[in-house]
Amino acid sequence: MGVYLGNYCYVMIIVLVLGKEVRSQSLKNGYYSSSCPRAESIVRSTVESHFDSDPTISPGLLRLHFHDCFVQGCDGSVLIKGKKAEQAALANGGLRGFEVIDDAKAQLELECPGVVSCADILALAARDAVDLSSGPSWRVPTGRKDGRISLASEASNLPSPFDSVAVQKQKFEAKGLDAHDLVTLLGAHTIGQTDCLFFRYRLYNYTVTGNSDPTISPSFLTQLKTLCPPNGDPSKRVALDIGSPSKFDVSFFKNLRDGNGILESDQRLWSDSETNDVVRKYASTIRGLLGLRFDKEFGQAMVKMSSIEVKTDVDGEVRKVCSKINY
């Protein structure tokens, strides 16, 4: 989710339809119940500590997990440092939350050395970040191994704020995620942020003739122009859900319904018949069950996403330090 969330897996392998997604059967709930019983509570307390001092770390951790899963699968490869590693890719600019994962890893290495993978820590931290932001919680299957490859050149398949709905669908489908998953996961933007740089063109020069994007409601357009003037700071941060920027809720979907989406890629979900139906469902008080439907389905979509192409003991490891592979 390039700017998507604000500054945005087995010995037996099953190849799903058309070979678009590989999942492992080794992921399971409570994977560390015997080998490191306090693993999940240590991650939770670490995330909570960082959240207490900076609540904006939540969208940062969500975006970090998403970017990890879309490149090399959910294997912690985004955490590896290096001039040619994933972190160096343009699409990964502004990624945050590394210090939270490093903090949790350091504590876990003291508790149970060499047991809990960085990939699992990141998946758990993303869940806890949502929960702490008044969002849902869900059981995270664990047992991922950390990957040994991290290349910036492989980050080109990350979704972009400039993507059409068709391109977004294609990128998600390539990872075994359908249109429903796409809309549900983008709902994470309810606590996300972005830079004026990524949407200012919609305000002043959308058609190269000085016009604004007609899908933006007039009143919201005025508000956005105030936040991001034509010659203002392109790196100024703006909440993707201005109505309730720090609360994980369905306000984001209501914004799309009302023409108040900030990123073009988000607002376009309203104009596509397939994604429009999902947006309408979440935005509706009745069909959305007062937000309960989105809470439940977001957790389900996150479990599905966090199972993308996870590594096994054969092609992965448990890193001692999350920023570098073992030697």
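L289 sits in the loop between helix 11 (273-283) and helix 12 (292-305), where helices (H or I, at least four residues) and strands (E, at least two) are DSSP runs numbered from the N terminus. This is a predicted model, so local features need pLDDT of at least 70 and side-chain atom pairs count only at pLDDT 80 or more, while totals for chains, interfaces and linings use all residues. Residues are numbered from 1 along each chain as its sequence is written, and side-chain values use heavy atoms, with hydrogens and water left out.

Back to L289: although not a glycine, L289 has a positive phi of about 55°. Its relative accessible area is 45%, so L289 is partly exposed; here buried means under 20% relative accessible area, exposed over 50%, and partly exposed in between (1.4 Å probe, protein chains only). S134 is another non-glycine residue with a positive phi, in this case about 70°. S134 belongs to the loop between helix 4 and helix 5 (165-173).

Next comes the nonpolar interior. In soluble globular proteins, nonpolar side chains tend to be buried together. A nonpolar core is a set of buried Ala, Val, Leu, Ile, Met, Phe, Trp, Tyr and Cys residues joined through side-chain atoms within 4.5 Å. The largest one here has 69 residues, and L62, L79, I101, F253 and F298 are the ones that touch the most other members. Helix 4 (residues 118-132) supplies the largest share of this core, with 10 residues. What does F298 touch, leaving out residues up to four places away in sequence? The list runs L62, V130, P136, W138, T184, L185, A188 and F248, with contact meaning heavy atoms within 4.5 Å. There is also a second, separate core of 13 residues, and F199, L203, C228 and V238 are among them.

Now for the cysteines. A disulfide is a covalent bond between the sulfur atoms of two cysteines. In practice, a pair of cysteine sulfur atoms within 2.5 Å is taken as a disulfide, and a search of the whole structure turns up 4 of them. Counting bonded cysteines along the chain, the disulfides follow the pattern 1-4, 2-3, 5-8, 6-7. One of the links joins C36 and C112, with sulfur atoms 1.8 Å apart. These two come from distant parts of the chain, 76 residues apart: C36 is in the loop between strand 2 (22-24) and helix 1 (39-53), and C112 is in the loop between helix 3 (98-111) and helix 4. Both C36 and C112 are buried.

C69 and C74 are also joined, with an S to S distance of 2.0 Å. The torsion about their S-S bond is about 120°, so the disulfide of C69 and C74 is right-handed. C69 and C74 are both buried. In the disulfide of C196 and C228, the sulfur atoms lie 1.9 Å apart, and this link is left-handed, with -70° about the S-S bond. C196 is in the loop between strand 3 (193-195) and helix 7 (201-204), while C228 is in the loop between helix 8 (218-227) and strand 4 (237-239), so the pair ties together parts that are 32 residues apart in sequence. C196 and C228 are buried too.

On a 1 Å grid over the protein atoms alone, a cavity is a set of points where a 1.4 Å probe fits but cannot get out, and lining residues have an atom within 4 Å of a point. Grid points are joined across faces, edges and corners, and a volume is the space filled by probe spheres set on the points. The largest cavity holds about 40 Å³ of space. Which residues line the largest cavity? They are L79, K81, Q87, F98, D102, C322 and S323. By class, this lining has 3 nonpolar, 2 polar and 2 charged residues, where Ala, Val, Leu, Ile, Met, Phe, Trp, Tyr, Cys and Pro count as nonpolar, Asp, Glu, Lys and Arg as charged, and the others, Gly among them, as polar.

Is D75 buried or exposed? At 0% relative accessibility, D75 counts as buried. Apart from residues up to four places away in sequence, D75 touches D68, A119, K145, D146, G147, K311 and R319. A88, at 45% relative accessibility, counts as partly exposed. With the sequence neighbours up to four places away left out, A88 touches G82, K83 and A152.

Terms used:
On a 1 Å grid over the protein atoms alone, a cavity is a set of points where a 1.4 Å probe fits but cannot get out, and a pocket is an open set with protein on both sides within 12 Å along at least five of seven lines; lining residues have an atom within 4 Å of a point.
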